[in-house]
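User: I'm new to this one. Can you walk me through it?
Analyst: Here it is.
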Amino acid sequence: MTRKMEIDGVEVAFSEGETVLEVAQRHEKEIPTLCYDPRLEPFGGCRLCIVELEGARNPVASCTTKATPGMVIRTTTDTIEAYRETLLEMVVGENREVDVSPLRGYAAGELADLRDKYDVSSTGITGAKSGTNKTDDNPFILRDYELCISCYRCVRVCAEQEGDHAINVMNRGFHTQITTEFDGLLKDSACTFCGQCIQTCPTGALADKKALRAVDAVGDAIPDKTRTICPYCGVGCSIDVLTKDERIIGIHPAMDGPANQGALCVKGQFAYDFVHHPDRLKTPLIRGEDGELHEASWEDALDKAAEGFRKVNAKHGRHSIYGVASGRAPSEAAYLMQKFIRVGFGTNYIDNCSRA
Ligand code: SF4
Ligand code: SF4
Ligand code: FES
């Protein structure tokens, strides 16, 4: 059965379980959001996504309201826009800084973008402020809670996506604070430093410390982004590598990455220093008669490796050789690797590190 509702005077179809926001976004309606992250269960905290629902006394949050047949929704009216403006004015007025560096995190500019769209001033509503910064000597995550708007995206992504529950909410009202168990340091908590809380934070309250170190060198300019695949394990997470003058200054997870949908582990998120490390090997090395490693050509190095394989095979037999292919190798290379082991040495001792 086709389910139908009306949005801004147009009849649209929807599927069971969809929210009003999801249906509206599918029909290219622009509804502002702050506490919403499409990967997470709807929360309904910021109320910015309110819409008019015919027959309802008050506007409803479109992110938490399920679409039902016959619903009549208006996404943009003068009253709704005035509510949104006031809500934003309160949020912006409470924040020490709204124009944050884009290097803080993937979503760090969301609040500033909405402030600009609604032309809201930071001096409109002033008063008490919430959130206390946490000095935290971990190398990865800045916890600048004076910029926090209590959207709880960080808490929810940590629980729902990472399954970690390393952070939670303490107190209420102006004393609301995102914290760890016993209000301790992140490094002493269950945090795996996956960085997902940084990347979902819409204000930059949580920020990528490593990327921010690059601000001095590159300024606040938006860096170049290159879509690629994380070089570590076999999952194949999509990432956007941030570069300036051909140097990597940070990593953003690809929210549309088919394997990861915005999730990364600590290695994919932060462990990119090896790329520019001065000790990184750039040519093969062969140990000489003197016991030292010497630079060599690829041809000589491959000959040497082949000679080693032949010697081991001749002395200890075919089961002394075991091949482990990289989980990051393309199918063709994986195929050749198993041929090399099976046909070259006559053993089935071949595996793949994706199992790890
Ligand atoms: S730290 Fe960021 S993501 Fe977490 S509640 Fe505050 S504003 Fe939201
Ligand atoms: S880095 Fe990952 S595990 Fe740590 S608090 Fe953030 S989301 Fe949770
Ligand atoms: S986005 Fe719907 S209430 Fe925040």
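Analyst: One term to start: two residues are in contact if their C-beta atoms, placed from the backbone, lie within 7 Å. Among contacts in the protein chain between residues at least 6 apart in sequence, 58% join residues at least 24 apart. The model is predicted: local features need pLDDT of at least 70, side-chain atom pairs count only at pLDDT 80 or more, and totals for chains, interfaces and linings use all residues. Residues are numbered from 1 along each chain as its sequence is written, while chains are lettered from A and ligands numbered from 1 in the order in which they are written.

User: How many helices and strands in the protein chain?
Analyst: There are 10 helices and 16 strands, counted as DSSP runs numbered from the N terminus (helices are H or I, at least four residues; strands are E, at least two).

User: Is the chain spread out or compact?
Analyst: The protein chain is more spread out than a compact globule, because its radius of gyration is 27 Å, well over the 21 Å that the globule rule gives for 356 residues. That radius is taken over C-alpha atoms, and the rule is 2.2 Å times the number of residues to the power 0.38.

User: What about the largest nonpolar core?
Analyst: That core has 55 residues, and Cys49, Cys154, Cys197, Cys201 and Leu206 have the most contacts inside it. It draws at least three residues from each of domain 1 (3-76) and domain 2 (92-276), with bounds from an automatic or database domain assignment. A nonpolar core is a set of buried Ala, Val, Leu, Ile, Met, Phe, Trp, Tyr and Cys residues joined through C-beta atoms within 7 Å. Buried means 20 or more other C-beta atoms within 10 Å of a residue's own, exposed 12 or fewer, and partly exposed in between, with C-beta atoms placed from the backbone.

User: Which residues come nearest to ligand 1?
Analyst: Cys148, Cys151, Cys154, Cys201 and Ala205, out of 13 around ligand 1. A residue is near a molecule if its C-beta atom, placed from the backbone, lies within 6 Å of it.

User: And which are closest to ligand 2?
Analyst: Cys158, Asp164, Cys191, Cys194 and Cys197, with 13 residues surrounding ligand 2. Helix H4 (153-160) and helix H5 (196-200) each supply at least two residues of that shell.

User: Switching to Ile80: where is it?
Analyst: Ile80 lies in helix H2 (residues 78-94). Ile80 is partly exposed, because 16 other C-beta atoms lie within 10 Å.

User: What is Ile80 in contact with?
Analyst: Leaving aside neighbours within four places in sequence, Ile80 is in contact with Ile50, Val51, Glu52 and Pro59.
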